[in-house]
Amino acid sequence: MEPTRDTHYTLVDLLDRVLDKGIVVYADIIVSVAGIPLIGVNLRAALAGMETMLSYGVMQEWDQKVRAKTTGIGKQRELPLPVCLS
Amino acid sequence: MQQDDKTEALVTGQGRYLYCVADSGEQVNLGAIGIEGSKVYTIPYRDICAVVHECPAEPYNSTDPEVVNSLVLAHQKVVDEAWERWGTVLPLGFDTIVMDKDGVGAEENVRNWLQSDYDNLKTKIEKVRGKAEYGVQIFWEPQVIAQSLIKTSPEISQLEEQIKSQSKGVAYLYKQKLENALKRELEAKADQCFRDFYQRIRRHVDSIGVEKTKPGGGNTQMIMNLSCLLPRDKSNQLGEELENINSIDGFSVRFTGPWPPYSFVGT
């Protein structure tokens, strides 16, 4: 059996890798991808990116606002999107 | 650049889109081979370099899966080019963009990152040198497997017999019993297959990563999803092993690659 790179399911397999894997740059010099509704997988990337930024204290103000909102009202569907700070 | 309406992009600074880190200190322009025709070039530090293009400090973004596909494929194409050229690369995930910050330019920030993460990056380069990633997905057809379980499991074949000799109402209860028993046996069988196949595949690869399984198509179900790291052109033995698994009744295998080692460069 030979490995293949050029069929439909191969594309899906590749997308999983390119969207979800690769080196992660843990630094606050990276533009956040939060809020990008790519194809499901991206939500995880967005969340991971957000957590990374939070752990560096970059978005603390945003985080506190969101927490206050979500604990106050319960399920909040429309959250303000975090914006990367330069 | 695709921009979703809902995304506020207040950042106006310059960015560098990162494709991969390559095993070379070469400073070179690779031409307009990047995402949306961007000019791709390298930012070297000592004996490694980052493969980048210049862009606004905003993520590439779209809600259209077709557009996403083409962006992601463009990313992969550049990583492939770099892989061909330098032999060993550490790919980055899609949409990793370094921006300028506190008066330090994006390009400088990329070089600073290469410098501060140098030892780690070099360790990863050595780990994947000369190797490629292959995807292995194993599927089975639960109905076919269930048929063979009916023949081989004493508990299930006994229940089958009992159903035949019962009245309709009682037979219904036995049928439920049978379904539960089958479900248990299928789960046990899936566990056993996983262990067996894992051991068989393990012998032919250097590293192995277990990925989440995904829905299969039609009558099939994915029971294993693996990323395998092995010398780039030495996939013959793995291929033979997978052929053996593929030829078992009710099983099928997908074998993809060679890919740059996306799954073996993370933390």
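Author: This is a predicted model. Start with one residue: B:E36 has 13 C-beta neighbours inside 10 Å and therefore counts as partly exposed. B:E36 sits in the loop between β2 (29-31) and β3 of chain B. Its phi is positive, about 50°, although B:E36 is not a glycine.

Reader: Is B:D102 buried or exposed?

Author: B:D102 counts as exposed, because 8 C-beta neighbours lie inside 10 Å. B:D102 belongs to the loop between β6 and α2 of chain B. Phi of B:D102 is near 50°, a positive value in a residue other than glycine.

Reader: Which residues of helix α2 of chain B are buried?

Author: A residue is buried if 20 or more other C-beta atoms lie within 10 Å of its own. In helix α2 (residues 106-116) of chain B, the buried residues are B:A106, B:N109, B:V110 and B:W113. Seen down the axis of α2(B), these fall within an arc of 105°, so they line one face of the helix. The cover over them includes β1 (14-22), β3 (40-45), β4 (48-56) and β6 (97-99) of chain B.

Reader: How are two packed helices described?

Author: The description uses the angle between their axes and the distance between the axes. Here, helix α4 (residues 142-152) and helix α5 (residues 154-164) of chain B pack at about 90°, with axes 6 Å apart. Angles of 65 to 115 degrees count as roughly perpendicular, and α4(B) and α5(B) are therefore roughly perpendicular to each other.

Reader: Which residues of α4(B) and α5(B) meet?

Author: B:L149, B:I150 and B:K151 in α4(B) meet B:I156, B:S157 and B:E160 in α5(B). By class, this contact has three nonpolar, one polar and two charged residues.

Reader: What does the domain assignment of chain B give?

Author: The assignment gives domain 1 (14-129) and domain 2 (132-264). Their centres, taken over C-alpha atoms, are 38 Å apart. Six residues from domain 1 of chain B and five residues from domain 2 of chain B make the contact. On the domain 1 side, α1 (65-86), β5 (89-91) and α3 (118-128) of chain B each supply at least two residues. That side has five nonpolar, no polar and one charged residues.

Reader: Where is the cis peptide bond?

Author: The cis peptide bond joins B:G257 and B:P258, with omega about -5°. B:P258 lies in strand β10 (residues 251-259) of chain B.

How values were computed: Residues numbered from 1 in each chain as written. Chains lettered and ligands numbered in written order. Predicted model: local features only at pLDDT ≥ 70, side-chain atom pairs only at ≥ 80, totals over all residues. Axes fitted to C-alpha atoms, helices over the stretch in contact; angles between N-to-C directions. Helix = DSSP H or I, 4+ residues; strand = E, 2+ residues; numbered from the N terminus. Parallel < 35°, antiparallel > 145°, perpendicular 65-115°, else oblique. Contact = placed C-beta atoms within 7 Å. Nonpolar A, V, L, I, M, F, W, Y, C, P; charged D, E, K, R; others polar. Buried ≥ 20, exposed ≤ 12 C-beta atoms within 10 Å, placed from the backbone. Arc of directions from axis to C-beta. Domains from an automatic or database assignment.
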